Amino acid sequence: MRRLLVTGGAGFIGVNFVRYWREHHPDDGIVVLDALTYAGNRASLAGLEDADGFRFVHDDIRNRSLVEDLMVDEAIDTIVHFAAESHVDRSIAGPDAFLETNVLGTHALLKAAKAVWLDRGTGREHRFHHISTDEVYGSLHWDDPAFSETTPYAPNSPYSASKAASDHLVRAYHHTYGLDVTTTNCSNNYGPYQFPEKLIPLFLVNILRGLPLPVYGDGKNVRDWLFVEDHCRAIDLVLTSGGSGEVYNVGGKCERSNLELVDALCAAADRVLGGSPDLLSAFPDAPQARGEHARDLITFVEDRPGHDRRYAIDTSKIEARLGHEPRVLLAEGLERTIHWYLDNVAWWEALIHDR
C-alpha cells in the first residue's frame, strides 16, 4: 500500500490523477497539497474529501517544514509533483511567479524529500515523480524528428525555462544524493477539469457563449494532443514499473495544427449541440442555436511572442519499456470533454465569474 503526496492535486492534471488513482488503487492513502492559486480549484475535489484515506492541505510547496511534517505524519513514500505555473501567456506577462513556484518550489520539495527519506534514514522505499512538459525541448521544424528523451533542452519561454530548471534539479538530486526519482515530459493535455484559459476549454466555453475563437497567427503551430486519462495511466506505469532516475516522454501520437484542432472541436460541438433541442435552449447564444456553425466564430489574432512552431513526442521508450500507448483518440476525447463541460456548467461558470 502506497502513501502519496500529490502536489497541485486541485489543478487540472493533478485532480484527474487523484481521481484515477483512487479508482485504480483504492487502498492507497492520498494527501493533496495545493496552494489554490487561480488554476487550483478545491471544487474539483468534490466527493473525495470525505473519503477514507484522503486528506487535503491548503498550503504552498515552498513551505519546506510543512512538507517535511506531512511526509513524517502521513508516512509518505511517494511524491507526485504536479504543482506548477503552466500558462505560457502568463509567463510572458509575469515570469517571477513561474520561477518561484516551478524552480524554488520544486527545490523545496526535493530538499524535504532528501531530509525525510535519506538524511533521517527512514529506510522506507520511496519515489519522487516529477511532471514536466515537452516544451523544455524547444521548437521543431516541420521535418524534424520528434522529441526524444535525449533531445537537448532549448526552452523558449519563461514557463518552459522554469520547467527545464526544475527537471535539472530533479536529475541532480538523483545523481548527487541518490534520491529515487522519475520524470515524465508530456505533450498538450486536455479533458475534464481543465481551467478555461487553455485552448480547448476556452474555445468550448466561448462556443457556448457565442464569443470569438481567437487563433494565434496563421493557426499552423503544431502540438501533440494527449487525453488526460491516458497521461494518468502513463504516470501509474512509471510509478509502479519505471526505473529510478529515468525520464519518459508521454504523448498522444496526435499531431495537429492549432487550426486543425479548432476545426475538430468546432465540428464536435456542432454534432453535440445541434443534435439536442434541450442544449440549444440552454445555450441560446451558441451559434448552433441560430442555425450557424461554431467555426463561424474563428478569429485570427496577432501571434504571441516566442510562439514555438511545432512540438512532437517520440513515445517509443515508454511503449517499449512499460507498454504504454494512448487509448483515447482525438474524436472520442473531444466528445467526452464537451459532454463533461456541458454536465458541469456550474464548475466553469464560477471560474469565469471569479476571473
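Select strands E5 (residues 127–133) and E6 in this predicted model. The two run parallel and are joined by 6 bridges. To get from E5 to E6, the chain passes through helix H5 (residues 158–177), and this β-α-β crossover is right-handed. For one point of contact, pick Ile-131: its bridge partner in E6 is Thr-184.

Asn-185 has Asn-249 as its bridge partner in E10.

Turn to the charged side chains, where the count comes to 21 salt bridges. Some stops:

- Arg-42 and Glu-49: the closest N and O atoms are 2.8 Å apart. Arg-42 is partly exposed at 39% relative accessibility, and Glu-49 is partly exposed at 29%.
- Glu-100 and Arg-62: this salt bridge has an N to O distance of 2.8 Å. Glu-100 lies in helix H4 (residues 96–119) and Arg-62 in the loop between strand E3 (54–58) and helix H2 (64–73), so the pair links distant parts of the chain, 38 residues apart. Glu-100 is partly exposed at 34%, as is Arg-62 at 37%.
- Asp-119 and Lys-114: the closest N and O atoms are 3.0 Å apart. Lys-114 counts as buried, at 18% relative accessibility.

Finish by selecting Arg-3, Arg-55 and Glu-74, which are linked in a network of salt bridges.

Methods. Residues are numbered from 1 along each chain as its sequence is written. This is a predicted model: local features need pLDDT of at least 70, side-chain atom pairs count only at pLDDT 80 or more; totals for chains, interfaces and linings use all residues. Side-chain values use heavy atoms; hydrogens and water are left out. Two strands pair if DSSP finds at least two bridges between them. Helices (H or I, at least four residues) and strands (E, at least two) are DSSP runs, numbered from the N terminus. A crossover is right-handed if, with the strands pointing away from the viewer, the path from the first strand over the helix to the second runs clockwise. A salt bridge is a side-chain nitrogen of Lys or Arg within 4 Å of a carboxyl oxygen of Asp or Glu. Buried means under 20% relative accessible area, exposed over 50%, partly exposed in between (1.4 Å probe, protein chains only).
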